[in-house]
Amino acid sequence: MRKATDITLVRENLRLVKQLYPALAQRDLRSLRDLTRAYSLSVSQGEILCIDGKWYVTHAGLLRIALRARCFGIRTALQERQSDPLASRWVFRATVFKSRCSKGFVGYGDADPSNTSPLVRGCEMRVAETRAVNRALRKAYGIGLCSVEELGSFSPPQKPPAAGPHSNGYAGTNGSSNGQPRLRDQLCLLIRQHNLDPTLVKAYAADFCGTETLREASRDLVESFVTELAATAKKNRDALVCKLNSYAHPTEANP
């Protein structure tokens with residue numbers, strides 16, 4: 001049954017590819033035939049692509065392979081020390097577990113404005129995580145093809161959610177505009193990196209921006225606060241903690 005299915009898929013892929021890429025050489029068609037037999041990837045489903053005469057697997061294709069192989073799980077973790085939110089540089093580690101007893105196959109993925117397409121500007125964090133997962137999956141299942149998401153110029157567009165009509169640019173878009181890094185992502189990472197109290201940071205931010213709550217502040221003010229917080233935390237964390245503690249509400253002693 002599997003052999004018959006593979007034969008049908010090979011025929012479908014070759015027929016579609018000849019329509020989409022009529023200039024492909026015979027050696028490229030032979031490569032597609034071999035890849036289809038080896039991995040059972042579908043051109044029509046976007047699981048394998050041809051770019052400049054070379055074949056690339058896609059994220060969808062790798063997930064299909066993992067699902068077919070009954071992958072036990074995938075774990076991702078942001079590498080905070082290697083990441084730089086102010087420069088929109090993100091690094092992720094992904095671990096693929098092929099079975100319950102698997103020790104895991106590890107892959108790393110990084111993304112910043114210099115190695116991603118302008119179409120995904122502002123979404124570098126998600127691109128980095130996808131690249132890490134792809135590399136871990138390729139290691140786990142012996143996929144020699146590079147994934148298309150790892151190519152900066154061809155990364156598929158991933159648009160952030162649009163702001164609502166009454167959004168101030170922070171709450172609605174998570175602080176993202178004009179392709180810049182998301183402010184909420186930057187702030188959360190700074191809090192984790194320097195082990196700061198989130199509640200006190202929000203109180204400090206509201207005071208810095210001159211608003212009742214951080215949500216009411218404009219994007220420019222929040223951006224200035226994030227820059228100030230990052231610089232202060234790096235220069236003198238102890239002084240920053242003292243500053244934050246001044247925003248703590250004193251508790252009344254019980255009579």
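Tutor: We begin with a definition: pLDDT is the predictor's confidence in each residue, on a scale from 0 to 100. It is needed here because this is a predicted model.

Student: Which elements have the lowest and the highest mean pLDDT?

Tutor: Helix H5, residues 183-193, has the lowest mean among the elements, at 76, and E4 has the highest, at 97. For the whole protein chain the mean is 81, and 83% of the residues reach 70 or more.

Student: Where is the pLDDT below 50, and how many contacts does each such stretch have beyond near neighbours in sequence?

Tutor: Residues 153-181 form one such stretch, with 65 contacts of that kind in the model. Residues 251-255 form another, with zero such contacts.

Student: What pattern does the protein chain follow along its sequence?

Tutor: The pattern reads α-α-β-β-α-β-β-β-α-α-α-α-α, and the chain has eight helices and five strands. Of its 255 residues, 42% are buried.

Student: Why is Glu47 called buried?

Tutor: The term requires a relative accessible area under 20%. Glu47 has 2%, so Glu47 is buried. This residue lies in the loop between H2 and E1.

Student: Which residues are in contact with Glu47, leaving aside neighbours within four places in sequence?

Tutor: They are Ser40, Leu41, Ser42, Tyr56, Val57, Thr58, Ala60, Gly61 and Arg64. In the case of Ser42, the backbone nitrogen lies 2.8 Å from a polar atom of the Glu47 side chain.

Student: What makes the pair Arg89 and Asp110 a salt bridge?

Tutor: A side-chain nitrogen of Lys or Arg must lie within 4 Å of a carboxyl oxygen of Asp or Glu. For Arg89 and Asp110 the N to O distance is 3.7 Å, therefore the pair meets the cut-off. The structure holds six salt bridges.

Student: Why is this pair said to tie together parts of the chain?

Tutor: Arg89 lies in the loop between strand E3 (73-78) and E4, whereas Asp110 lies in strand E5 (residues 105-111), so the pair ties together parts that are 21 residues apart in sequence. Salt bridges that share partners also join Arg89, Asp110 and Asp112 into one network.

Student: Which residues form salt bridges with Glu150?

Tutor: One is Arg135, with the closest N and O atoms 2.9 Å apart. Another is Arg138, for which that distance is 3.1 Å. Glu150 lies in the loop between H4 and H5, and Arg138 in helix H4, twelve residues apart.

Student: What makes a group of residues a nonpolar core?

Tutor: The residues must be buried, of nonpolar kinds such as Ala, Val, Leu or Ile, and joined through side-chain atoms within 4.5 Å. The largest such core here has 35 residues. Those with the most contacts inside it are Ile48, Trp55, Tyr141 and Ile143. H4 gives the largest share of this core, seven residues. A second, separate core has 21 residues, including Leu183, Leu190, Ile191 and Leu196.

Student: Which residues does Tyr141 contact, leaving aside neighbours within four places in sequence?

Tutor: Tyr141 is in contact with Ile65, Ala66, Ala69, Cys71, Val96 and Lys98. Of these, Cys71 is found in the loop between H3 and E3.

Student: Why is Cys71 called partly exposed?

Tutor: Its relative accessibility is 23%, so Cys71 counts as partly exposed. Cys71 and Phe97 are 26 residues apart in sequence, yet their C-alpha atoms are 6.5 Å apart in space. Phe97 is also among the residues that Cys71 touches.

Methods
Residues are numbered from 1 along each chain as its sequence is written. This is a predicted model: local features need pLDDT of at least 70, side-chain atom pairs count only at pLDDT 80 or more; totals for chains, interfaces and linings use all residues. Side-chain values use heavy atoms; hydrogens and water are left out. Buried means under 20% relative accessible area, exposed over 50%, partly exposed in between (1.4 Å probe, protein chains only). Helices (H or I, at least four residues) and strands (E, at least two) are DSSP runs, numbered from the N terminus. Contact means heavy atoms within 4.5 Å. A polar contact is a pair of N or O atoms within 3.5 Å; within protein, one must be able to donate a hydrogen and the other to accept it, and residues adjacent in sequence count only if both atoms are side-chain atoms.
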